[in-house]
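Please look over the chain shown below, and then follow the account of its packing and charge pairing.

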Amino acid sequence: MLTAEQILATQKAQLASLFDLGQKAFEGVEKVLELNLQVAKTTLEEASEHAKAVLAVKDAQELLALQTSLLQPSAEKAAAYGRHLYDIASSTSAEVSKLAESQVSDAQKKFAAVVDNAVKNAPAGTENAVVLVKSAVAAANNAFDSVHKAAKQAADVAEANFQAMTNTAVKATQTATAAAKRKVA
């Protein structure tokens, strides 16, 4: 049987975990907001510079060259923004996952302790049931570990694909910009 002190300790630990999860989530949101504010500030400054440059243009050829020169940096900045956003999401997710894994591990240990305690106090003749319960607990733990490993592998593959896609997009933009510059020249 669980005592009042054990229940209270468990509730305190769960409340602390909830606050830790909330803190991690707010830190991630804060990072995204900082990134977006920086992007907005930079975009405003660049728009001002672009407007000044457009006003200084003397002919259509020069305007086309100006627009072409701005295409590549814009694509690279968009890719960099995507990478930063992905990094923030990944790091926040990793921190939350680490905290969740810790909680699951603690819960598994406590459950195993309860099962062990129940086994010790099991009446005679229930050995088969005890073996069955222990086997079920071990199978559940193994299944959880397998799912966790598969999810980690899927996340690693997704990250590699995201990086490859971003690099391909930047290279395609660089190639298109170079071709457009050759046409203008």
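In this predicted model, E95 has a relative accessibility of 25% and therefore counts as partly exposed. The side chain of E95 meets that of K24 in a salt bridge, with 3.9 Å from N to O, a value that falls inside the limit of within 4 Å used for such pairs. K24 belongs to helix α1 and E95 to helix α2, so that the pair, 71 residues apart, links distant parts of the chain. K24 is likewise partly exposed, because its relative accessible area is 26%.

By this rule the count comes to two salt bridges, and the other contact to consider joins the side chains of E46 and K77 at 2.3 Å, N to O. Because E46 lies in helix α1 and K77 in helix α2, this pair ties together parts that are 31 residues apart in sequence. E46 is partly exposed, with a relative accessible area of 33%, and K77, at 41% relative accessibility, also counts as partly exposed.

Sorted by class, the contact of α1 with α2 has 14 nonpolar, 10 polar and eight charged residues.

F26 also lies in helix α1, and with a relative accessible area of 61% F26 is exposed. Between F26 and T92 the C-alpha to C-alpha separation in space is 9.4 Å, although the two are 66 residues apart in sequence.

Note on methods:
Residues are numbered from 1 along each chain as its sequence is written. This is a predicted model: local features need pLDDT of at least 70, side-chain atom pairs count only at pLDDT 80 or more; totals for chains, interfaces and linings use all residues. Side-chain values use heavy atoms; hydrogens and water are left out. Ala, Val, Leu, Ile, Met, Phe, Trp, Tyr, Cys and Pro count as nonpolar, Asp, Glu, Lys and Arg as charged, and the others, Gly among them, as polar. Helices (H or I, at least four residues) and strands (E, at least two) are DSSP runs, numbered from the N terminus. Buried means under 20% relative accessible area, exposed over 50%, partly exposed in between (1.4 Å probe, protein chains only).
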